[in-house]
Amino acid sequence: MSYGATEAVRGIDLDVQRGEVFAFLGPNGAGKTTTVEILEGYRRRSGGEVSVLGEDPERAGRAWRERIGIVLQSGRLDPYLTVRESLDLYAGYFRNPLATADVIGLIGLEGKADERTGRLSGGQQRRLDVGMALVGDPELLFLDEPTTGFDPSARRQAWDVIAGLRDLGKTVFLTTHYMDEAQRLADRVTIIAAGRIVARGTPEDLGDRESGETTIRYRANGREVVVQTRTPVETLHELTAKALAGGEPLEGLEVTRPSLEDVYLELTAEAAQPPAEGGVPS
Amino acid sequence: MSALALVGHQFRYDQKAFWRNPASVFFTVMFPVILFLILAVVFSGEKVDVRGGIEATTYYVPAIMSLAIISATMQTLAMTLVIAREDGRLKRGRGTPMPPWVFIAGRVGNSIVVALMMLVLLAAIGALFGADVPWDRLPAILLTLVIGAASFCCLGIALTAAIPSQDAAAAIVNAMLLPLYFLSGVFIPEDQLPDGVIAFADLFPVRHFFDAFMDAYVPAGGPAVSWDNLAIVALWGVAGLLLAIRYFRWTPRSG
């Protein structure tokens, strides 16, 4: 899959299950948007096989578009139409749309239904973006970085809306560069860095990765000692044996497993090492 | 919805957005009216030495109608389509089952309806200044309007390909059209323009459309339908259509 002269992503192998929230996690420029735009049918790929809802997005037609909803990474709505009118306009494009009033409820904009979209806050506009993608009652929704640049309360509200999509039985393909977003929303996470997949699993599995180093901290003679180890059981055994034999307690002993964030930073830093494999900005 | 119902649906919302947008209401509707009032007042009582000599107010009715129709079509489309493209609205629309041509058809429909309204409005205001509405020439006037409006719509859609950003839209459109209005005799009566200027303006469609509109509107000798001028306008329209098909883009240029 390439875009322009630079190959943006390579060897991507994704498998999204019906009804799950799938997070495609990676830093900016990793190739997330390139990948999702190939899946949405916006971009042609240079190679590989893609099947979305049983069809190749490059060749899929109107019937396929009835079944998907897309939230682009950026974009503004017509500032002179109201929330309700914007949704009504899009509802008209689909054969079996949801009722506009229901969509307004799902995105929590009941109080803003007759407000022009140009007067909404950034967070409200983004929730309306989700509503515009939802109004056709799609089976599958693509959300490309839905909360980038949000303040914490706007993010929390957007998350509630996305979590609500799963409850409706929708399949959600979410791209994000926020680890906590993937952890909070996704059933499964795939991590991409520099155009390649570096890890995949449930948020819990990824947090338990064996490859991550365990950190052991304690104080000895008033000085803090930090030990990084990939074999924590053996290291601890040695340390505690020595401590018992010498009669010196390991004051403030602390053993920390790597968090998902550590794993993510470690993986994406590793992938960024060979500079020849640079991605394009997403 | 059938394709036609879908175009109607799109058109309805384009109309709402058009009338709520202060820039489009001012520049497309108010500006031609103000311009006509100024010219009619300043030149009232004067004669223009064309078509055997006519009142200046009679001259300016088809002149400002031509400007208003070009503004409602080419100018409005070029500007609003670039804004919609750069806002990502065209790209968003392409992600839905709506056929892309429906979106364009809705906008073209909006432009042609506004052009027709401007015809009626300016004809009524012109009548107040003594420029009688030539009812017997109505078929020729409507034919000229439809061919001109359709052609300038195509040119406006084609022009979007040359406009890189929202900020550049007004500048590029005005830089093309304003000089042509002057050179074509829309602002300054053509009997006061040197022949060379008219010959130069004849290279562009604005002059031919204005000439055809003058023939249709002013009952002073000659047939009402100026086929040769309309043919040139239509050729420009076809060229615009081909360029639009080849170069129109749905995705933002920036970002």
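In chain A, 69% of the contacts with a separation of 6 or more join residues 24 or more positions apart; two residues are in contact if their C-beta atoms, placed from the backbone, lie within 7 Å. The model is predicted: local features need pLDDT of at least 70, side-chain atom pairs count only at pLDDT 80 or more, and totals for chains, interfaces and linings use all residues. Residues are numbered from 1 along each chain as its sequence is written, while chains are lettered from A and ligands numbered from 1 in the order in which they are written.

Chain A contains 10 helices and nine strands, where helices (H or I, at least four residues) and strands (E, at least two) are DSSP runs numbered from the N terminus. Along the principal axes, the C-alpha atoms of chain A fill a box of roughly 80 × 45 × 30 Å. Of its 282 residues, 38% count as buried, that is, with 20 or more other C-beta atoms within 10 Å of their own, C-beta atoms being placed from the backbone.

| Domain of chain A | Residues |
|---|---|
| Domain 1 | 21–207 |
| Domain 2 | 214–257 |

The centres of domain 1 and domain 2 of chain A, taken over C-alpha atoms, are separated by 46 Å.

The contact between the chains draws 20 residues from chain A and 18 residues from chain B. On the side of chain A that touches chain B, helix 2 (62–65) and helix 3 (83–91) of chain A each supply at least two residues. Helix 3 of chain A gives the most, with three residues.

Note on methods: A residue is buried if 20 or more other C-beta atoms lie within 10 Å of its own, exposed if 12 or fewer, and partly exposed in between; C-beta atoms are placed from the backbone. Domain bounds come from an automatic or database domain assignment.
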